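Please look over the sequence and the structure shown below before reading on. The report that follows takes up helices, packing and aromatic rings in turn.

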Amino acid sequence: MNSLRQFYYMRAVVAFAWVALVVLVSNLGAPSVVGYALLLLYPAWDALANLIDAGRNGGLSKNPGQRLNLIVSLVTVVALAIALASKGNAGGLLVFGVWALLSGALQLFVGIQRRKLGGQVFMMISGGQSVLAGVFMAMQAFGDAPTIDKLAPYAAFGGFYFLLAALRLTFRREPALKAGRLAR
């Protein structure tokens with residue numbers, strides 16, 4: 001439980017750091033290649049995070065949702081690089097949206113599987129919201145494609161949900177402790 005809590009704190013910190021970098025890069029008017037690199041880092045980090053989490057919980061063979069999410073995120077990094085190079089923001093937004101949809105569905109699946117551990121309601125909400133955000137991003141790709149800073153709220157909400165899950169696990173009372181206190 002302690003490692004899951006620490007992992008959720010780490011995921012929150014990384015998400016908030018990514019958001020801060022995106023806002024900074026966007027406000028400085030950095031070249032699009034810098035924004036593209038940040039965009040590629042997001043699913044790459046998600047792949048690594050799924051690998052770390054699965055490794056702490058019995059490995060990829062015992063965690064099919066995380067195994068699939070790892071594969072989807074790695075494929076997304078490649079597809080995103082191709083889309084950004086060939087279609088710019090619009091292509092990148094479409095691929096990122098499809099990835100958000102798929103990874104959100106997988107996060108929802110993993111949250112449902114882990115619901116007895118506590119703190120998973122936030123992961124399930126985050127997964128569902130990611131699915132909806134992915135649909136919205138994919139639809140936006142066919143209009144005026146926003147810049148990378150428009151994706152910052154997606155990552156910020158993800159970080160917020162990881163923080164809430166970590167806090168829930170931090171302040172969760174164990175059933176045995178509750179029973180002991182009630183008996184006194």
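## Helices and their spans

The expected span of a helix is 1.5 Å times one less than its number of residues, and helices here are DSSP runs of H or I with at least four residues, numbered from the N terminus, just as strands are runs of E with at least two. This is a predicted model, in which local features need pLDDT of at least 70 and side-chain atom pairs count only at pLDDT 80 or more, while totals for chains, interfaces and linings use all residues. Residues are numbered from 1 along each chain as its sequence is written, and side-chain values use heavy atoms, with hydrogens and water left out.

For H4, the 21 residues should span 30 Å at 1.5 Å a residue, and this agrees with its end C-alpha atoms, which are 30 Å apart. Helix H3 gives another picture: a straight helix of 50 residues would span 74 Å at 1.5 Å a residue, but H3 spans only 11 Å between its end C-alpha atoms. A kink of about 150 degrees, centred on lysine 87, is found in H3, where the bend at a residue is the angle between axes fitted to the seven residues ending there and the seven starting there.

Which residues of H4 are buried? They are Gln120, Met123, Ser126, Gly127, Ser130, Ala133, Gly134, Met137 and Ala138, where buried means under 20% relative accessible area, exposed over 50% and partly exposed in between, with a 1.4 Å probe and protein chains only. Seen down the axis of H4, these buried residues fall within an arc of 135 degrees, so they line one face of the helix; the arc is that of the directions from the helix axis to the C-beta atoms.

The buried residues of H4 pack against H1, H3 and H5, whereas the face turned away from the buried side carries the exposed residues Leu132 and Met139.

## Nonpolar cores

In soluble globular proteins, nonpolar side chains tend to be buried together. A nonpolar core is a set of buried Ala, Val, Leu, Ile, Met, Phe, Trp, Tyr and Cys residues joined through side-chain atoms within 4.5 Å. The largest such core has 25 residues, and those with the most contacts inside it are Trp18, Leu39, Tyr42, Phe96, Met137, Leu151 and Tyr154. Helix H1 (2-28), helix H2 (32-56), H3, helix H4 (120-140) and H5 each supply at least two residues of this core, and H3 gives the most, with 10 residues. Apart from this core lies another, of 12 residues, among them Leu4, Ala12, Tyr161 and Ala166.

Leaving out residues up to four places away in sequence, phenylalanine 96 touches Leu39, Tyr42, Pro43, Leu80, Met137, Leu151 and Tyr154, a contact being heavy atoms within 4.5 Å.

## Aromatic pairs

The structure holds 11 aromatic pairs. Rings of Phe, Tyr and Trp (its six-membered ring) pair if their centres lie within 6.5 Å, and planes under 30 degrees apart count as stacked, over 60 as edge-to-face and the rest as tilted. The rings of tryptophan 99 and tyrosine 154 have their centres 6.5 Å apart and their planes at 70 degrees, so this pair is edge-to-face. Tryptophan 99 lies in helix H3 (residues 64-113) and tyrosine 154 in helix H5 (residues 152-170), so the pair ties together parts that are 55 residues apart in sequence. Both tryptophan 99 and tyrosine 154 are buried.

Phenylalanine 160 and tyrosine 161 form a tilted pair, at 5.8 Å centre to centre and 55 degrees between the planes. Phenylalanine 160 is partly exposed, with a relative accessible area of 39%, whereas tyrosine 161 counts as buried at 11% relative accessibility.
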